[in-house]
Amino acid sequence: MEKAENTLKLEIPTEIAKVAETLENKGFEAYLIGGCVRDLLIGRKPKDWDITTNATPEQITASFPNTFYENEYGTVGVVNDGVEDTTLKVVEVTPYRLEGGYTDKRRPDSVTWSSKLEDDLKRRDFTINAIALTLAGTIVDRFDGRIDLKKKTIRTVGEPEARFSEDALRILRAVRIAMELDFTIDPATQSAIALNARHLKEIAGERIREEFIRIVMSPRPHIGLILCNKLGILKQVLPELEEGIGVAQNKAHSFDVFEHILRTVEHSAKKDFTLETRLAALFHDIGKPATRRWSEEKKDWTFYGHDMVGAKMAAKIMTRMAFPKKMIETVTTLVRWHMFFSDTEQITHSAVRRIVNRVGKEHIWHLMDVRTCDRIGTGRPKESPYRLRKYHSMVDEVMRDPLSVGMLKINGGRIIELTQTPPGPKIGYTLHALLEEVLDDPARNTEEYLEKRAKELVSLPEKELEQIGKKGKEMKEKEEEKTLSEIRKKHWVK
Ligand code: ATP
Ligand code: MG
């Protein structure tokens, strides 16, 4: 048993405590370890819980009713049945590990179990992630992780050079954790990152993706990207973004392409936008360096087609990182249409409808969000907020389901068949008369009711039916006007 260095009472959820307790009751050691201890110490809600123990995978598996064990690292997933909170559902229990060499810079050549906690702490990435805690509150902190937590510093356990050359993914983990926690990376650790960044090329796209997503979803992705550039990481994982450094834009922009993109992404994080929106913000102008041409006529730079080229580049980048197909489609569509024409003085509803059809109803508001970020990212928004609100109102206007006889549970053909009336104006009158009734009381929109009423209406004298029909049509138009003005009011536009 490790010597207690300190004791502390921390809030450990009962579901997690039970797992550790079960192991202890069987005579094993059990320590909470890694991100969960780090987060507990700084008052953050852990994303997941890890326990390390001197029990073997077989002994762990035998200690719990519901477990899974499908990897070569000894990690046993202990399932807490019937627990709602997804962060508590599965507790990862891993034996103390001792790692062999890392010839491929990705994966240890061999993993063996150890009986000493110390061995396990040594193989962990950063000091703040190498603090162990027992249920009784005993803390084992061999690498002064708590001091680094206080200093808000990320520092490798052991010699930084060696640790990054073993596993280059740790490079991205350092940046990711720094961005999530608002920490800085220790200078020696930074130097080692710069020296080893090229090894990121050897890391599988999906492992990169997971850390990359978390940098993008952190509160400060723009700072993360600047750090990635400074440490030579960007060149390895996102060289397309680096291309924008120093690429001046046209007169409408005060920033180069890179800075504009960073500011656009910064705003997407500030607004807490979705991953798709943030990625579209990041990639929206990625096609600019490749499409930049000098126009003698305009005496300025142009970027024709950067939206199309950018969409292709975004797809390539996301494919490289093994993003799911659906997400690639969404992001590339947003990039493709981010230049949509939005001068509401000149635009028609049908142009807006075309854009809605192109990006789809489910993503149209993401496109509006991308535009908002793009606008803020220029530093001096050229679009007036009124115009933007007006555009948003037009989007809502074209997206509503219009009131029409098409919403009735009966159609002209059915009325003709039912009443043996020849096609003609009478059918239209009947439909509008029915629409009025349904607008009055939506519960009437049933086949049964409408068929019965259609028969009665058709048998009225033509003049009378015409009157009722016209009244129905007027009512529909009034209702339409009312809905539209409500939408405009909601967006504060006329
Ligand atoms: P979070 O749970 O917020 O993602 P975390 O630090 O817990 O952060 P996990 O991926 O859950 O990250 O990993 C749990 C622990 O495993 C880490 O805290 C660290 O101690 C160790 N670890 C994870 N990945 C590595 C790695 N590549 N090299 C060394 N140790 C690692
Ligand atoms: Mg974790």
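Mentor: Contact means heavy atoms within 4.5 Å. Helices (H or I, at least four residues) and strands (E, at least two) are DSSP runs, numbered from the N terminus.

Trainee: Got it. What kind of model is this?

Mentor: It is a predicted model, where local features need pLDDT of at least 70 and side-chain atom pairs count only at pLDDT 80 or more, while totals for chains, interfaces and linings use all residues. Residues are numbered from 1 along each chain as its sequence is written, chains are lettered from A and ligands numbered from 1 in the order written, and side-chain values use heavy atoms, without hydrogens or water.

Trainee: How many residues are in the largest nonpolar core?

Mentor: It has 103 residues. Such a core is a set of buried Ala, Val, Leu, Ile, Met, Phe, Trp, Tyr and Cys residues joined through side-chain atoms within 4.5 Å. Those with the most contacts inside it are Leu32, Ile51, Ile233, Leu238, Leu279, Leu282 and Phe283.

Trainee: Which helix gives the most to this core?

Mentor: Helix 8, residues 169-181, gives nine residues. There is also a second, separate core of 15 residues, with Ile427, Leu431, Leu457 and Val458 among them.

Trainee: Back to Ile233. What does Ile233 touch?

Mentor: Set aside residues up to four places away in sequence. Then Ile233 touches Ile171, Leu172, Val175, Ile193, Ala197, Leu200 and Cys228.

Trainee: Glu180 next. Where is Glu180, and is Glu180 buried or exposed?

Mentor: Glu180 lies in helix 8. Glu180 is buried, with a relative accessible area of 17%. Beyond four places in sequence, Glu180 touches Arg44, Arg214, Ser218 and Arg220.

Trainee: New topic: ligand 1. Which residues come nearest?

Mentor: Of the 15 residues around ligand 1, Arg38, Asp48, Asp167, Arg170 and Arg214 come nearest. A residue counts if one of its heavy atoms lies within 4 Å.

Trainee: How far are polar side-chain atoms of Asp48 and Arg214 from an oxygen atom of ligand 1?

Mentor: For Asp48 the distance is 3.0 Å. For Arg214 it is 2.6 Å. Arg176 also has a polar side-chain atom 3.2 Å from an oxygen atom of ligand 1.

Trainee: Now His284. Why is His284 called buried?

Mentor: Because its relative accessible area is 0%. His284 sits in the loop between helix 15 and helix 16 (288-291).

Trainee: What polar contacts do side chains make with His284 there?

Mentor: His284 and His260 are joined by one of 3.0 Å. Another, of 3.2 Å, joins His284 and Asp374. A polar contact is a pair of N or O atoms within 3.5 Å; within protein, one must be able to donate a hydrogen and the other to accept it, and residues adjacent in sequence count only if both atoms are side-chain atoms.

Trainee: What else is in contact with His284?

Mentor: Leaving aside neighbours within four places in sequence, the contacts of His284 include Ile261, Thr264, His306, Val335 and His338.

Trainee: Last one: where does Leu135 lie?

Mentor: In the loop between strand 9 (132-133) and strand 10 (138-140). Leu135 is partly exposed, at 21% relative accessible area. Leu135 and Ser254 are 119 residues apart in sequence and 56 Å apart in space, C-alpha to C-alpha.

Technical notes
Buried means under 20% relative accessible area, exposed over 50%, partly exposed in between (1.4 Å probe, protein chains only).
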